[in-house]
Amino acid sequence: MKIYTDPRLLAAGIVGGTLSRHNGNMCDTDAQTPVYKELDIPPQHILHLHQTHSTHILTINTPLQAQQIADTPVQDADGWLFTLSGWGGAILTADCVPLFLWDSNGGPFSLTHCGWRGVAAKLPFQAAVALKKAGAETICAWLGPHIQSCCFEVQADVAEQFPSSCHRPKNGKIFIDLTAEIIRQLTQAGISETDIKAPYYCTCGDKENFFSWRRDHIRQNLLSFMYKL
Ligand SMILES: [Zn+2]
């Protein structure tokens with residue numbers, strides 16, 4: 001299994017990361033089951049949601065709440081916030097940013113699906129603030145593989161929804177640096193820049209390892225998940 005992750009996650013008691021396309025198309029939750037089994041995670045304790053490019057984050061504080069989410073049809077939301085262990089959440093991406101946030105002291109953790117709409121609507125900032133309110137003291141951040149500014153060309157109507165600090169003009173075209181904008185929002189929420197890691201993997205530019213909606217226009221998704229031991 002090829003999994004992109006950050007060693008600081010496991011140090012905080014969290015199993016998680018983003019899988020490469022070599023593990024297959026993860027649109028179907030059944031396709032995810034072998035992954036969790038291989039990692040000794042109970043598949044029924046990974047929760048799923050229906051992503052709508054919103055800023056809605058589902059917060060899970062108790063095993064009862066977690067079980068209720070597990071037992072009902074998936075809800076519309078674009079992120080998770082867990083304050084308990086023994087449970088976790090999944091999201092799916094194909095160019096959007098899987099944003100991992102967690103308390104370095106083993107407290108709450110959050111996983112959000114940040115497409116350009118979510119980033120423009122300040123979902124990264126909101127996720128960080130919510131995590132703080134949930135009790136996180138020192139927040140670590142890791143941005144999983146996503147479309148980078150080399151490939152993320154947009155038209156003026158999209159560009160104007162972002163501050164000029166993340167515009168990357170090239171040959172008369174406008175490209176947006178989602179990574180830079182997310183880091184800006186996270187630092188605005190009080191996270192230290194040294195606690196934010198954003199390795200340069202471009203889903204659109206690296207066909208060998210990633211699915212990309214922009215490149216292929218096929219509904220194939222990479223799995224990202226977080227589970228607290
Ligand atoms: Zn690229």
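Two residues are in contact, or touch, if their C-beta atoms, placed from the backbone, lie within 7 Å. The structure in these views is a predicted model, in which local features need pLDDT of at least 70 and side-chain atom pairs count only at pLDDT 80 or more, while totals for chains, interfaces and linings use all residues. Residues are numbered from 1 along each chain as its sequence is written.

**View 1. Glycine 107 and its contacts.** Glycine 107 lies in the loop between E9 and E10, where helices (H or I, at least four residues) and strands (E, at least two) are DSSP runs numbered from the N terminus. Not counting residues up to four places away in sequence, glycine 107 touches Gly135 and Ala136. The C-alpha atoms of glycine 107 and isoleucine 139 are separated by 9.4 Å, the two residues being 32 residues apart along the chain. Is glycine 107 buried, partly exposed or exposed? Glycine 107 is partly exposed, because 19 other C-beta atoms lie within 10 Å; a residue is buried if 20 or more other C-beta atoms lie within 10 Å of its own, exposed if 12 or fewer, and partly exposed in between, with C-beta atoms placed from the backbone.

**View 2. The open sheet of six strands.** The strand order of this open sheet is E5-E7-E10-E9-E11-E15, and the pairing is mixed; two strands pair if DSSP finds at least two bridges between them. At the edges are strand E5 (57-60) and strand E15 (196-197), each of which pairs on one side only. Strand E9 (residues 97-103) pairs with strand E10 (residues 109-114) in the antiparallel sense, over six bridges, and phenylalanine 100 has leucine 111 in E10 as its bridge partner.

**View 3. Isoleucine 182 in the largest nonpolar core.** A nonpolar core is a set of buried Ala, Val, Leu, Ile, Met, Phe, Trp, Tyr and Cys residues joined through C-beta atoms within 7 Å. The largest such core has 56 residues, of which Phe100, Leu101 and Ile182 touch the most other members. Leaving aside residues up to four places away in sequence, isoleucine 182 touches Val97, Leu99, Cys114, Val119, Pro124 and Leu143. Isoleucine 182 is also one of the buried residues of helix H7 (residues 178-188), which include Leu178, Ile183 and Leu186. Glycine 190, which follows H7, has a positive phi, near 105 degrees.

**View 4. The packing of H5 against H7.** Helix H5 (residues 123-133) and H7 pack at an angle of about 30 degrees with their axes 8 Å apart; axes are lines fitted to C-alpha atoms, for helices over the stretch in contact, and angles run from 0 to 180 degrees between N-to-C directions. H5 is therefore roughly parallel to H7, given that angles under 35 degrees count as roughly parallel, over 145 as roughly antiparallel, 65 to 115 as roughly perpendicular and the rest as oblique. Pro124, Phe125 and Ala128 of H5 make the contact with Ile182, Gln185, Leu186 and Gln188 of H7.

**View 5. The open sheet of five strands.** This open sheet has the order E1-E2-E16-E8-E3, again with mixed pairing. Strand E1 (3-4) and strand E3 (46-47) stand at the edges and have a single partner strand each, so one side of each is left without a neighbour in the sheet. E3 runs parallel to strand E8 (residues 88-93), to which two bridges join it, and leucine 47 has glycine 89 in E8 as its bridge partner.

**View 6. The pairing around E14.** Strand E12 (residues 153-154) pairs with strand E14 (residues 173-176) in the antiparallel sense over two bridges, with glutamate 153 opposite phenylalanine 175 in E14. Strand E13 (residues 167-170) also runs antiparallel to E14, joined to it by four bridges, and histidine 167 has isoleucine 176 as its bridge partner in E14. E13 and E14 form a hairpin with two residues between them, and asparagine 171 in the turn has a positive phi of about 50 degrees.

View 7. Most residues other than glycine have a negative phi. Aspartate 40, although not a glycine, has a positive phi of about 60 degrees, and lies in the loop between helix H2 (29-38) and E3. Histidine 217 has a positive phi near 55 degrees, and lies in the loop between helix H8 (213-216) and strand E16 (222-228). Aspartate 40 is exposed, because 9 other C-beta atoms lie within 10 Å, and histidine 217 is exposed with 9 other C-beta atoms within 10 Å.
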